[in-house]
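Please go through the following chain from its overall make-up to its local details.

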Amino acid sequence: MHRKACLIFNPVAGSNNSEQDLERIKELLSSQFELDIQFTTEEISADKLAEEAVKKDFEIIIAAGGDGTLSETARALGETTIPLGVIPRGTANAFASALGIPDTLDEACETILSGKTRRIDIGRCNGRLMTLLAGIGFEAETIENASREAKQRWGALAYLVSGIQQLRELELFEAEIETDDKIIRVSAGALTVANAAPPTSILAQGPAGILYDDGLLDVTIISSNTWSAAIAASYHLFQTGLRGDAAQRDDIGYLRTKRVKITTNPPQKIVLDGEMIGNTPLEVECIPGGLSVIVPMLPAEKVSEKLEGLPDLEIQEKSSTITGD
């Protein structure tokens with residue numbers, strides 16, 4: 001029997017032909033799912049569509065779009081038992097990358113068909129649910145200045161261009177970082193609080209490896225005071241992020257915590273999962289296992305599944321009696 005699924009589709013995400021993408025998704029998923037397709041528009045966001053879908057009896061809700069579409073859908077599914085299926089079609093696809101979900105349409109659909117449902121952490125950020133990260137300062141300015149037109153034209157390079165422009169106006173600000181057991185006061189140019197982040201989310205890569213199911217938030221502090229130092233720090237974070245190592249520069253700090261409150265002087269802009277949400281202060285709390293997502297099976301899980309499908313073998317023991325004179 002076909003399972004009932006809601007597909008939330010953003011027709012303006014990415015640079016591919018959206019009609020062709022949708023037809024291919026329907027072709028790939030129709031073998032297992034009865035799809036109810038809902039389109040995002042300028043007036044109707046993915047989170048509104050997902051909230052309505054949660055009220056119905058769908059067994060799975062699938063989001064096809066960029067990080068904004070995926071994060072909005074995930075927020076609506078947070079703290080529910082409905083699994084999220086992910087089809088990345090955006091510019092950066094950081095959410096899919098952080099969870100190891102393929103960024104090609106065919107492989108992403110195959111993950112939904114044969115993957116494994118996992119509970120991952122989410123964060124509660126200034127009263128909103130967070131799937132990836134919140135950025136203060138440099139990252140927020142970079143995201144805000146990368147226009148949709150630039151992203152559609154240049155893809156992920158739009159963020160690089162915006163970041164280089166922002167480096168020319170780099171200014172430090174005073175920040176107070178409060179956790180359950182300490183208060184830290186620093187001068188910073190960028191602060192990032194991450195729940196999950198791929199290596200390409202460079203400014204989040206202070207700690208050694210960011211896990212999406214460890215019940216902790218990863219905070220990275222960058223205090224570079226010149227544009228050249230900021231470039232060097234970014235390159236260092238890119239390298240250590242790829243290797244899964246902790247940063248080792250005097251102008252980069254990091255910590256792990258279940259909750260954090262950050263205040264700044266002067267107030268700084270905040271970007272949450274790619275969306276501007278206002279200015280500091282920022283309060284984030286980790287919600288362990290707050291979201292169900294369908295992700296690829298690990299190699300060991302694939303072997304285990306194959307073994308489970310084999311028939312039981314009966315082993316009969318033979319006994320012999322040895323006699324002698």
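Predicted model: local features only at pLDDT ≥ 70, side-chain atom pairs only at ≥ 80, totals over all residues.

Residues are numbered from 1 along each chain as its sequence is written, and side-chain values use heavy atoms, with hydrogens and water left out.

Of its 325 residues, 47% count as buried. Buried means under 20% relative accessible area, exposed over 50%, and partly exposed in between, with a 1.4 Å probe and protein chains only. Among contacts (heavy atoms within 4.5 Å) between residues at least 6 apart in sequence, 71% join residues at least 24 apart.

In soluble globular proteins, nonpolar side chains tend to be buried together. Here the largest nonpolar core has 37 residues, and V86, F95, L99, L291 and V293 have the most contacts inside it. Such a core is a set of buried Ala, Val, Leu, Ile, Met, Phe, Trp, Tyr and Cys residues joined through side-chain atoms within 4.5 Å. Elements giving two or more residues to this core include strand 1 (3–9), helix 3 (67–77), strand 4 (84–88) and strand 16 (282–295). Leaving aside neighbours within four places in sequence, V293 is in contact with L84, V86, L99, I101, K116, T117, R118 and I120. A second, separate core of 22 residues includes C125, A188, L272 and V284. C125 is buried, at a relative accessible area of 0%.

Helix 5 (residues 105–114) has L105, A108, C109, T111, I112 and L113 as its buried residues. Their cover includes helix 1 (18–29), strand 2, strand 3, strand 4 and strand 16.

How many aromatic pairs does a search of the whole structure find? It finds one. Rings of Phe, Tyr and Trp (its six-membered ring) pair if their centres lie within 6.5 Å; planes under 30 degrees apart count as stacked, over 60 as edge-to-face and the rest as tilted. F9 and F39 have ring centres 6.0 Å apart and planes at 80°, so the pair is edge-to-face. Because F9 lies in strand 1 and F39 in strand 2 (residues 33–39), the pair ties together parts that are 30 residues apart in sequence. F9 counts as buried at 1% relative accessibility, whereas F39 counts as partly exposed at 40%.

N93 is found in the loop between strand 4 and helix 4 and is buried, with a relative accessible area of 11%. Not counting residues up to four places away in sequence, N93 touches G65, D67, P88 and D103.

Most residues other than glycine have a negative phi, and most peptide bonds are trans. A cis peptide bond joins N265 and P266, with omega about 0°, and P266 is found in the loop between strand 13 (259–265) and strand 14 (269–272). The bond from T280 to P281 is also cis, with omega near 15°; P281 lies in the loop between strand 15 (275–279) and strand 16. E79, not a glycine, has a positive phi of about 65° and lies in the loop between helix 3 and strand 4. N126 has a positive phi of about 50° and is partly exposed, with a relative accessible area of 36%.

Technical notes: Helix = DSSP H or I, 4+ residues; strand = E, 2+ residues; numbered from the N terminus.
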